[in-house]
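Work through the exercises below with the sequence and model open. Try each task before reading its solution.

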Amino acid sequence: MKLPDALLSALRPHFPSESLTTEMGERLSYAYDNSRRNALPDAVAFPTTHEQVEALVQLCREHRVPVIGRGRGTNTTGATVPVDGGVVVSFERMNRIVRIDPDNRLAVVEPGVLNGDLQQALKPHGFFWPPDPTSSPWCSIGGNLACNSAGPRTVKYGSPRENTLGLRAVAGTGQGFRCGTYTSKGATGYDLTRLLIGSEGTLALITEATLKLTPKPSGLRTMRATYSDVSAAARAVARIMAQPVTPCALEFIDDVALKLARDHGGDSVPVAGAMLMIEVDGEPDTLPSAVEAVSRAARGDGLEELRVAETAEETQALWSARKALSPAQRTISPNKINEDVVVPVSRLPELVDGIKRLSKKHDVLIVSFGHAGNGNLHVNLLPRDEAERERAHACLADVFALVIALNGTLSGEHGIGLVKREFMPLALQPTTLHLMRSVKAAFDPDGILNPGKLLP
């Protein structure tokens, strides 16, 4: 497919020289994301201003050409794959931190700012932005907002929805607008800010974000608890989350994941039925009592060892298993299916036990780990050949059915994108989906923004 010449001619005054390209090499570079799905766009645009985005969407709407917003392509759901061609809008050049305002605890940033770069810029001011995906050195704030991507700290500090005050964006009509506030409180009209966050670029393209900042605690303590089996560890998670001290990270790793990590990362990874990584933060004089409270909850049937790191080196050693996991999985299955289901924390033991049963039923290797404090488990199916891939897809449907039966939902932070679209009717009633389609039509009446994603 080729962009209409009339559209290209109309775009050129707004996107001079290399800010708009139809070169095959560039198009191939923006055809895929971390889901390993791919489809070729007809052009790639690199805006640097809000006004350019407005002009692009208006002109593409006139010609009924799809527009796909893109951060850095680290998502795992195919959310930025241009399945119907069109123009990929890469926000990598809109990468300014407009201002940091410690007095009002906010920062104004463009969508192309990298999460890790923002955190570094906030350090001298004594603040941080809580969302911290594993990909934070490479992922953009715009992508974090589009998918509501969170990370380990969500258990205490919340996701991007809880940490964003307002947005500037361009709807599928080509109209620019602002929503939200510069204040920590606001009760004026519909909350469009929270609506846009997690909408995966299907309602509007975000061109600026006002982020809520949090003072950075001066102290941090890390604990590692190993258990005889996954059920014991899952029950410990429920106990920890039922007491007053909220950890800033509570990560679960099952026995299969530990074995993989040990094979890849060496003897520093313990042999156990399951493991929890726990962190508490705060001012130094409050940490001993916080560690003791969480430790009491972590103890119980099945606990094998509880270690508390005393130095930075010990902390790094305790995290070695978690860091070794991703490369270890790739050695077994380059075609791993990575899902991030979520259930109420009290139902986590049932989810963990159910996944074990499904792994045996379908004869598919499954590695489970993730942000247990939110009930958010990363379920990784690792098929090694074509037969296993077919069984893995059947197993995945059963995993989602199990999650829904436990009052959970399909995704905690990865989003829906392309790969989970077909399962949306499992999670949402027809009336709910109808309302979502009506919202989509109001923002994007011609359906040009990221078609083929999120809604079935």
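This is a predicted model: local features need pLDDT of at least 70, side-chain atom pairs count only at pLDDT 80 or more; totals for chains, interfaces and linings use all residues.

**Exercise 1. Classify the ring pair Phe 128 and Tyr 157, and locate both residues.**

Solution. 
1. Apply the cut-offs. Centres within 6.5 Å make a pair, and planes over 60 degrees apart count as edge-to-face.
2. Place the residues. Phe 128 is in strand β7 (residues 127–128) and Tyr 157 is in helix α6 (residues 154–157). They are 29 residues apart, so the pair links distant parts of the chain.
3. Check burial. The limit for buried is under 20% relative accessible area. Phe 128 has 4%, so it is buried. Tyr 157 has 17%, so it is buried too.

**Exercise 2. Which charged residues sit over the rings of Phe 128 and Phe 46?**

Solution. 
1. Start with Phe 128. The charged end of Lys 216 sits over its ring, 5.1 Å from the centre.
2. Go to Phe 46. Arg 93 lies over its face, 4.3 Å from the ring centre.

**Exercise 3. Describe the largest nonpolar core, then list the contacts of Leu 351.**

Solution. 
1. The core has 52 residues; Phe 252, Leu 276, Leu 351 and Leu 381 touch the most other members.
2. Assign domains. Domain 3 (217–328) and domain 4 (333–441) each supply at least three residues to this core.
3. List the contacts. Beyond neighbours within four places in sequence, Leu 351 touches Val 341, Val 343, Leu 377, Leu 402, Val 403 and Leu 406.
4. In soluble globular proteins, nonpolar side chains tend to be buried together.

Note on methods. Residues are numbered from 1 along each chain as its sequence is written. Side-chain values use heavy atoms; hydrogens and water are left out. A nonpolar core is a set of buried Ala, Val, Leu, Ile, Met, Phe, Trp, Tyr and Cys residues joined through side-chain atoms within 4.5 Å. Buried means under 20% relative accessible area, exposed over 50%, partly exposed in between (1.4 Å probe, protein chains only). Domain bounds come from an automatic or database domain assignment. Contact means heavy atoms within 4.5 Å. Rings of Phe, Tyr and Trp (its six-membered ring) pair if their centres lie within 6.5 Å; planes under 30 degrees apart count as stacked, over 60 as edge-to-face and the rest as tilted. Helices (H or I, at least four residues) and strands (E, at least two) are DSSP runs, numbered from the N terminus. A charge sits over a ring if NZ of Lys or CZ of Arg is within 6 Å of the ring centre and within 35 degrees of the ring normal.
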